[in-house]
Amino acid sequence: MDHLDLIVTIQETNRCQVAHFERVLEELINNTDDSTEKNAALFTLEDAFFSCENCIGTADNFHNVAVAYAREDAEDIACRVLEKGLIRFPQSMDLLADYLKYSISCSNFECAYSKYEKLLSLSKSRWNWRAFRFSIDFLFARLERENTSEELNNTITKEIGELVAEYQSHRPFDEQAFLAEAEMHQYFNESSKELETLEKAISRLKAAPKCLMRYSDIQYEKGEYAKALQSIDRCKRDAI
């Protein structure tokens, strides 16, 4: 079934199997070379999807559809997909976290903040890497893009530090938890603390390729070429 057949089926039945929609969408994106033709098809699919009252599928299905649109630089549509998914799965970690991620690109902070508050109402023991990582990224985006007071900036900064600490506490073997801390120190120009965080990750984790790459960059900038090369060699081993 191509996308036109799917649209007719959705319109006639007012039902959409999101898993099926996901497959057709991926095939359309991957197999249509002409950008004008692709964009027109994406628009007609989008219109059918949001006009449908009965979208049936799992949280993963809605997540995958949102990711597909976001990869086409349509983060605003991705957020609308997530809104639709959250009606059926209001406590989905992936859908809530995805919304924070994609809202950054379309500056939809007001709606995103309600999703962030929803995440905060859920136990951190349920949070996955997306919930932690994208929440931290969302808070950094607020510092960058919102016209906030110094007092609010300090509150957000403190909140970032607390989330980073909780991330490592709940997911101590997740490289992203250490990257989040390193990036926090980098953002606030705390170079020595950034280096210490990367060294901590490299020593504790069995594989830490992203931390090793950043560590190598820092050592290269410092002129420590032997350390930089040594880090790259281990990074290659960790990535296998």
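Leaving aside neighbours within four places in sequence, which residues is Arg142 in contact with? The last view below gives the reply. Welcome to this predicted model, in which local features need pLDDT of at least 70, side-chain atom pairs count only at pLDDT 80 or more, and totals for chains, interfaces and linings use all residues. Residues are numbered from 1 along each chain as its sequence is written, and side-chain values use heavy atoms, with hydrogens and water left out.

**View 1. The whole protein, for orientation.** The protein has 13 helices and 2 strands (DSSP runs numbered from the N terminus, helices being H or I of at least four residues and strands E of at least two). Along the principal axes, its C-alpha atoms fill a box of roughly 65 × 40 × 30 Å. Of its 240 residues, 48% count as buried (under 20% relative accessible area, with exposed meaning over 50% and partly exposed in between, using a 1.4 Å probe and protein chains only). Take the contacts (heavy atoms within 4.5 Å) between residues at least 6 apart in sequence: 60% of them join residues at least 24 apart.

**View 2. Helix H1 against helix H2.** Two packed helices are described by the angle between their axes and the distance between the axes. Axes are lines fitted to C-alpha atoms, for helices over the stretch in contact, and angles run from 0 to 180 degrees between N-to-C directions. H1 (residues 3–13) packs against H2 (residues 18–31) at an angle of about 150°, with the axes 10 Å apart. That makes H1 roughly antiparallel to H2 (angles over 145 degrees count as roughly antiparallel, under 35 as roughly parallel, 65 to 115 as roughly perpendicular and the rest as oblique). On the H1 side the contact is made by His3, Leu6 and Ile10, and on the H2 side by His20, Phe21, Val24 and Leu28. These residues divide into 5 nonpolar, 2 polar and no charged (Ala, Val, Leu, Ile, Met, Phe, Trp, Tyr, Cys and Pro count as nonpolar, Asp, Glu, Lys and Arg as charged, and the others, Gly among them, as polar).

**View 3. Helix H1 against helix H3.** Here H1 packs with H3 (residues 35–51) at an angle of about 20°, and the axes lie 10 Å apart. The two helices, H1 and H3, are therefore roughly parallel to each other. From H1, His3, Leu6, Ile7 and Ile10 meet Ala41, Thr44, Leu45 and Ala48 of H3. The residues of this contact divide into 6 nonpolar, 2 polar and no charged.

**View 4. Ile10 in helix H1.** Ile10 sits in H1 and is buried, with a relative accessible area of 3%. Not counting residues up to four places away in sequence, Ile10 touches Arg15, Cys16, Phe21, Ala48 and Cys52.

**View 5. The largest nonpolar core.** A nonpolar core is a set of buried Ala, Val, Leu, Ile, Met, Phe, Trp, Tyr and Cys residues joined through side-chain atoms within 4.5 Å. Among the 64 residues of the largest one, Phe21, Leu25, Phe49, Tyr69, Val81 and Ile160 touch the most other members. Helix H8 (residues 129–145) supplies the largest share of this core, 9 residues. Apart from it lies another core of 14 residues, including Ala182, Ala201, Leu205 and Cys211.

**View 6. Arg142 and its contacts.** Arg142 is found in helix H8 and, at 10% relative accessibility, counts as buried. Setting aside neighbours within four places in sequence, Arg142 is in contact with Phe109, Tyr113, Leu152 and Ile156.
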